[in-house]
Amino acid sequence: MPCRRNVWCRIVDCSAQPQEKIKKFGGIFMGTCLGNLCYDKQVKKNRTDGREGGYVNMDKKGKLIAIIVCACVGGLILCLCIGAGAAFVAAAVLGRTSGGLNRETGDAIDRRLEEYAEAAQRAYDSEDPDLFGDWDPDEIIREAERNTQENQPSADEQAGQPDNGGQTQGSSQTGSQGGVTLSMEEGASALSYAKAEVQSLDVEVKMGQITIVQSDSDAIEISATGAAEAVLTAQVLWDGTLQIQDHTPLSVRQRYLPNRAAELLHLTIALPADGSYQKVELEADAAEISVGQEITADEIDISLDAGTLRGESLLTAIREMDLETNAGEIVLDQIQVGTLSIECTAGNVTAAGSVAGNLEVDSDVGNVELTLAGALGQYNYEIESTAGSISVAGETYSGKQRINNQSPFTMELEAAAGSISVEFAE
């Protein structure tokens with residue numbers, strides 16, 4: 001008896017011979033693999049050309065969407081129409097395309113993919129494939145790019161008109177990457193943004209020095225000095241995020257390795273004394289970061305690949321703080337956070353202060369030292385040490401252990417081959 005005519009049966013072709021099914025799913029699998037291979041190749045090319053940012057940083061979400069696009073569009077849908085061979089080629093093209101997407105365009109494509117997935121589910125549930133509608137991957141990308149352009153600041157706003165957060169500029173120009181390109185000349189006027197227009201702060205610098213200080217006014221001021229080849233842009237996004245991005249090409253950065261980062265770029269960010277933010281993100285590949293101004297935000301994320309970050313002033317994360325380093329060093333003298341998450345691959349993290357909620361620490365071969373307000377009994381503990389060392393309040397633990405203190409908060413500590421030390425200052 002023939003199978004019912006619905007979307008799933010059209011995809012798997014229930015009436016096909018086993019060898020035909022193998023060819024079809026082989027095309028889907030190989031198309032996905034090739035698509036991702038082309039995605040990675042395009043990402044590497046973008047990095048070589050100095051066009052990093054958004055999805056070309058090969059973050060987890062970007063990689064996931066590339067897989068979805070290549071598998072669903074390049075595999076499943078196109079296999080229905082033109083076979084596995086064409087799907088194989090289509091996936092390669094889609095993988096290369098998704099490797100060059102920026103974050104806003106990728107997010108828009110992600111939303112459209114979710115809409116088509118929901119439509120496919122409705123068609124499957126109702127056994128009516130016509131409910132699925134037309135699938136046009138090119139139109140999805142075109143629509144996402146149109147939406148992205150509509151959400152970007154206008155040329156006047158980028159050039160420093162009041163519509164862009166009351167921004168004023170000195171010796172700067174509109175950059176091709178989006179936003180205003182900061183002048184690297186000594187003594188150039190700082191960019192200034194009205195605090196009322198800035199809800200979040202996102203700083204992404206590849207290499208150089210970052211200094212965060214207190215502003216003399218109620219505005220956020222940004223200035224930079226360094227090599228003429230360094231490219232740094234700033235803009236206020238549609239959601240109120242002040243985004244500062246480093247577009248300096250890799251070939252330029254390589255000339256300043258290993259000990260001349262400060263000559264390449266020195267970024268100074270002056271924040272108002274009483275400012276608070278929804279989210280503050282500090283991300284650097286190889287930089288020296290100094291935080292000399294108190295920061296209060298709902299969320300604070302610090303990601304340091306290599307280099308150092310020193311926070312001498314109080315950092316307050318009302319909801320959560322995330323600290324991540326691969327081979328760098330993070331030192332925070334004063335923190336007040338709701339929940340704290342630390343991921344230390346091979347670097348060092350040292351922090352002191354109070355954690356009102358849960359705490360999670362993962363150390364591969366790195367070293368984490370925490371000095372917290374409170375007492376040992378304020379937490380439950382989940383401890384796992386493979387070949388590493390874990391010490392809590394002077395007592396060393398090994399293997400897997402669980403300690404239930406009937407507390408609403410839990411401290412999860414995991415050390416593969418690194419070390420974790422937690423002390424309490426009552």
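**Close-up 1. Ring pairs join Tyr379, Tyr381 and Phe424 into a cluster.** In this predicted model, local features need pLDDT of at least 70 and side-chain atom pairs count only at pLDDT 80 or more, while totals for chains, interfaces and linings use all residues. Residues are numbered from 1 along each chain as its sequence is written, and side-chain values use heavy atoms, with hydrogens and water left out. Rings of Phe, Tyr and Trp (its six-membered ring) pair if their centres lie within 6.5 Å, and the planes count as stacked under 30 degrees apart, as edge-to-face over 60 and as tilted otherwise.

**Close-up 2. Two aromatic pairs are found in a search of the whole structure.** Tyr379 and Tyr381 form a tilted pair, with 6.4 Å from centre to centre and 55° between the planes. The ring centres of Tyr379 and Phe424 lie 6.3 Å apart with the planes at 35°, so this pair is tilted. Tyr379 sits in the loop between β14 (367–373) and β15 (380–392), whereas Phe424 belongs to strand β18 (residues 419–425), and the pair thus links distant parts of the chain, 45 residues apart; strands (E, at least two residues) are DSSP runs, numbered from the N terminus.

**Close-up 3. Tyr379 and Phe424 are both buried.** Buried means under 20% relative accessible area, computed with a 1.4 Å probe on protein chains only. Tyr379 has a relative accessible area of 1%, and Tyr381, at 3%, is buried as well.

**Close-up 4. Leu267 and Met321 touch the most other members of the largest nonpolar core, which has 73 residues.** Strand β10 (residues 295–325) supplies the largest share of this core, ten residues. Such a core is a set of buried Ala, Val, Leu, Ile, Met, Phe, Trp, Tyr and Cys residues joined through side-chain atoms within 4.5 Å.

How values were computed:
Buried means under 20% relative accessible area, exposed over 50%, partly exposed in between (1.4 Å probe, protein chains only). Helices (H or I, at least four residues) and strands (E, at least two) are DSSP runs, numbered from the N terminus.
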